[in-house]
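These are my notes on the model you sent. The points run from the chain as a whole to the contact and then to single residues.

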There are 2 protein chains.
Amino acid sequence: MSKQEWYAGMDIGGTSVKLAFLTGEGELLKKWEIPTNRADEGRHVAKEIAASIRENLEEGAVIVGAGVGAPGFIELETGFIYHAVNIGWRDYPLREELEVELGVGVKIDNDANLAALGEKWRGAGDGSDEVLFVTLGTGVGGGIITNGEILHGASGMGGEIGHITSVFEGGAPCNCGNFGCLETVSSATGIVRLAKEALDQNRESTLHTLRSELTTKAVFDACDQGDELAKGVVQQAMTYLGIALANLSNALNPRKIVIGGGVSKAGETLLSPLREVFEHYALPRVAESAEFKIAHLGNDAGIYGAVWIAKEAREQRAGK
Amino acid sequence: MSKQEWYAGMDIGGTSVKLAFLTGEGELLKKWEIPTNRADEGRHVAKEIAASIRENLEEGAVIVGAGVGAPGFIELETGFIYHAVNIGWRDYPLREELEVELGVGVKIDNDANLAALGEKWRGAGDGSDEVLFVTLGTGVGGGIITNGEILHGASGMGGEIGHITSVFEGGAPCNCGNFGCLETVSSATGIVRLAKEALDQNRESTLHTLRSELTTKAVFDACDQGDELAKGVVQQAMTYLGIALANLSNALNPRKIVIGGGVSKAGETLLSPLREVFEHYALPRVAESAEFKIAHLGNDAGIYGAVWIAKEAREQRAGK
């Protein structure tokens, strides 16, 4: 009897590595995590991943390909990681190490790009070939799919939408060294900052009592309960995001705009003002073709995307 | 003796149709124009194009494919033109008509997209797979190449960068119905408008004598000669354009940013302030990878792009 063909997907973060086995159709078979071993500049990571995969593989199944989402700057052709601060890698041949350990072809890509691809394949992207994926977390990240492929750009920076300039006068400083980036106003951090600025003006709000431990969840909850200050903050953050996405969409003409990351849990409270701003600034034909969706796959999106690139690479090798 | 294989490229405009024969390597063999016959809602156009191609074809040569740049909204799969105002077409089966007349496969695309592809193939794009092409003419148009392919988007609107919102307060009305679009400040029309606004403030300038027949050329010439008002206008127009291109480039990460259209004749007078603004607003790694170029092919860019898609389609049919 021939063995079942499984794909291994993994998402390597600074704290843990998410691992999963999926079928070629994208059915999740098994999912688990191991801690990321950052000792010795992360040089044990590949070996430990491979050991865990072998340990979890069931009899009667065989790994036919593996895909990896990794942080840092990746040389896509070779699978080298130039530098990943939160793991310690410098010029680390991640792909080669994993291929030797696992004995199968391995594909690597940026985690945000793979999350976009995962949502396209098995999530909110509904298989569309034109997806604009936005993560609203500590920062604002993104991944762009055009003609069904990840847009990597000339040097792997494709989809870095968090550093679109949104505020031209008096913008807050951004980690990138500039001022007023989208990330400073529409990320979790940015929304909390806008709320604190509003509270500092001593305007009435239920949020004053939470001042010292303010979260985006508290802001969105207060917004749902009709708190005017919170409503103003959400409107402000979504206005900046809506304008940035409309301007991008006039160029990209996406079919799906998928919003992920922790902030996306606010669901319709976020989408409703966002859609309104977007429809005002996007060309009518662009707005008509674009559907906003909240990401479906949460933290697993990258694993699905990783298996997708592994599968695509295997099919290319087979000449399909 | 086998016949020489030629490609026919054409660019259909409201006034004239540009036609050319090229080799598969992109060498221009012959180039000419015929007037666009707009009578009877443009229904004679395809027949007249085909007659002109047959007439100009030399003995010993055969047309192996044809590509067409057309205005209006194009259904790419079928080659139908929904509506082209300046020719009179409505639901016109341009591809089918041309295929019947010419007896070869015909490919059709939007004129700005083909100009981008033409510059990529044989012009300022130097064969790069990541090109952001911008035309500064009466309006602002664009074409985007990612992963070596035209970015059409979900409904053929890809590259419509002229309607990115640039001015948020007090922006001029745009043809699209919105206010403050990039087109209102960085097109030829926009630059002249900005200059007239500045002249209305009675500031000193050599441009006052040209007030009634002001052109962008006059503005750029005055800028070169040190006219402060003209310098301010050029700076303003290029600031808006530089910010829009930097924001787009943070998402697209292009290798080449090619500036075409009539305004691009200003060359370094335009590129120098544009580059400076761009480098300020783009992420450092994005700015490093992007090279600004003035378009090389002028009005012929679309013809080159048209032959490129014809050639690509032929190779696909041959299973190459």
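1. Two residues count as being in contact when their C-beta atoms, placed from the backbone, lie within 7 Å. On that basis, take the contacts in chain A between residues at least 6 apart in sequence: 62% of these join residues at least 24 apart.

2. The coordinates are a predicted model, and the confidence scores should be read with that in mind. Chain A averages a pLDDT of 94, and 99% of its residues score at least 70. For the complex, the predictor gives an ipTM of 0.92 and a pTM of 0.93.

3. The C-alpha trace of chain A spans about 70 × 45 × 35 Å along its principal axes. Its secondary structure consists of 11 helices and 13 strands. Of the 320 residues in chain A, 51% are buried.

4. The contact between the chains draws 32 residues from chain A and 32 residues from chain B. On the chain B side, the elements giving two or more residues are β10 (140–146), α8 (228–252) and α10 (284–289). Helix α8(B) supplies the largest share of that side, six residues. Sorted by class, the side of chain B that touches chain A has 15 nonpolar, 12 polar and five charged residues.

5. Within chain B, helix α4 (residues 111–122) packs against helix α11 (residues 301–317) at an angle of about 85 degrees, and the axes are 6 Å apart. Because angles of 65 to 115 degrees count as roughly perpendicular, α4(B) is roughly perpendicular to α11(B). Residues on the α4(B) side include B:L114, B:L117 and B:W121, while those on the α11(B) side include B:I303, B:Y304 and B:W308. By class, the contact of α4(B) with α11(B) divides into 11 nonpolar, three polar and three charged residues.

6. Two residues with positive phi deserve a look. A:N253 has phi near 50 degrees, a positive value in a residue other than glycine. This residue is in the loop between α8 (228–252) and β12 (256–260) of chain A. Is A:N253 buried or exposed? It counts as buried, because 27 C-beta neighbours lie inside 10 Å and the cut-off for buried is 20 or more.

7. B:D91 is found in strand β7 (residues 89–92) of chain B. With 9 C-beta neighbours inside 10 Å, B:D91 counts as exposed, since the class takes residues with 12 or fewer.

8. Last, a residue in helix α9 (residues 268–281) of chain A: A:V277. Leaving aside residues up to four places away in sequence, which residues does A:V277 touch? They are A:M238, A:T239, A:G242 and A:I243. A:V277 has 19 C-beta neighbours inside 10 Å and so counts as partly exposed; a buried residue needs 20 or more. Between A:V277 and A:Y7 there are 270 residues of separation in sequence and 41 Å in space, C-alpha to C-alpha.

Note on methods: Residues numbered from 1 in each chain as written. Chains lettered and ligands numbered in written order. Predicted model: local features only at pLDDT ≥ 70, side-chain atom pairs only at ≥ 80, totals over all residues. Helix = DSSP H or I, 4+ residues; strand = E, 2+ residues; numbered from the N terminus. Nonpolar A, V, L, I, M, F, W, Y, C, P; charged D, E, K, R; others polar. Axes fitted to C-alpha atoms, helices over the stretch in contact; angles between N-to-C directions. Parallel < 35°, antiparallel > 145°, perpendicular 65-115°, else oblique. pLDDT = per-residue confidence, 0-100.
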